[in-house]
Amino acid sequence: MYIKIKHTLQHEIFAFSICLWLKSTSSPGIGTPFSYSVPSQANEVVLIQWGNNPMELLINDKVATLPLAVNDAKWHHICVTWSTRHGIWKSYQDGVQTGNGENLAPWHPVKPGGVFILGQEQDTLGGRFDATQAFIGEMSDFNMWSYIVTPAEIYKMATCSSSIGGDLINWTENSIELHRGVIKLPYNACH
C-alpha cells in the first residue's frame, strides 16, 4: 500500500523542508514515511526506520541518523530540513529541534523529475517496494518547501497556531493518489 504524490520537482533544489503528521505503534521500526526517487538515484530523499535502526534521512544515498521517537501510538509532527550548502540538516519532533548535523550530501542539488511515494521505499523509480520497509501507521499533511522553514514556523505548525502549505508539495485532496488499499480517513491534527 502506498500514496503517490501527483506533483514532482520541476527543477533542481538546493534546500528543502519536509513536514508531516504521523502515528505508529510499529516496533522495532516504523518503516518508510516517504521516499523520493529520480531516474539516476533511487534514494534521492528518503526518511526511513527499519529493523532496530534509528530513524534515518537519506539524501543521494548518504545517511544522517535522526533522534526521532514516534512509535508510541500518538500523533507526532515531524519536520526535516536540509541545505546543500555544507549538507546542513535539522530534525524536529512536535515543534522542538531534536537533532542537527552537517556534511549530508553537501553541494548535491536534489534532482527534478522524480517520484514521491508515501509509505514505501523505492528501489527503482516509482516501484520495486520491499514489504519490510513499508510504513506501518497513519500519516497526514505531507508538505514540502524549497527553502528552510524557520524553527518558529515549525513550532507554530506543530502547535496548530499556524498552517503553511508547501510551495513544492501542498497536501490537498487533489495532490495524492491512493494505491493498493490505502484508506483515507478524515483527520485534522489541529481539531
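**Salt bridges and their surroundings**

Analyst: Glu12 and Lys111 join their side chains in a salt bridge, with 3.7 Å from N to O. The model is a predicted one. Now place the two partners. Glu12 is in the loop between strand S1 (2–5) and strand S2 (15–23). Lys111 is in the loop between strand S9 (96–101) and strand S10 (115–118).

How buried or exposed is each partner? Glu12 has 34% relative accessibility. That counts as partly exposed, because the class lies between under 20% for buried and over 50% for exposed. Lys111 has a relative accessible area of 27%, and is partly exposed.

A search of the whole structure finds two salt bridges. The other pair is Lys23 with Glu138, whose closest N and O atoms are 3.7 Å apart. Lys23 is partly exposed, at a relative accessible area of 24%. Glu138 counts as partly exposed too, at 34% relative accessibility.

Next, look at the sheet that holds S2 and S13. It is an open sheet of five strands, in the order S9-S8-S7-S2-S13. The pairing is antiparallel. Which strands stand at the edges? They are S9 and S13. Each has a single partner strand, so one side of each has no neighbour in the sheet. From one strand to the next, the twist averages 15 degrees.

Stay with S2. Eight bridges join S2 to strand S7 (residues 76–83), and the two run antiparallel. Across this pairing, Cys19 stands opposite Cys79 in S7. A helix packs on the sheet as well: H1 (residues 151–158). Helix H1 touches S2, S7, strand S8 (88–93) and S13. The direction of H1 makes about 160 degrees with that of S7.

One more pairing is worth a look. Strand S5 (residues 55–59) and strand S6 (residues 62–66) run antiparallel, joined by five bridges. Leu57 stands opposite Ala64 in S6. S5 and S6 form a hairpin, with two residues between them. In the turn, Asn60 has a positive phi of about 50 degrees.

To return to your request: the salt bridges are Glu12 with Lys111, and Lys23 with Glu138.

Technical notes. Residues numbered from 1 in each chain as written. Predicted model: local features only at pLDDT ≥ 70, side-chain atom pairs only at ≥ 80, totals over all residues. Heavy atoms only, no water. Salt bridge = Lys/Arg side-chain N within 4 Å of Asp/Glu carboxyl O. Helix = DSSP H or I, 4+ residues; strand = E, 2+ residues; numbered from the N terminus. Buried < 20%, exposed > 50% of the residue type's maximum accessible area, 1.4 Å probe, protein only. Pairing = 2+ DSSP bridges. Axes fitted to C-alpha atoms, helices over the stretch in contact; angles between N-to-C directions. Contact = heavy atoms within 4.5 Å.
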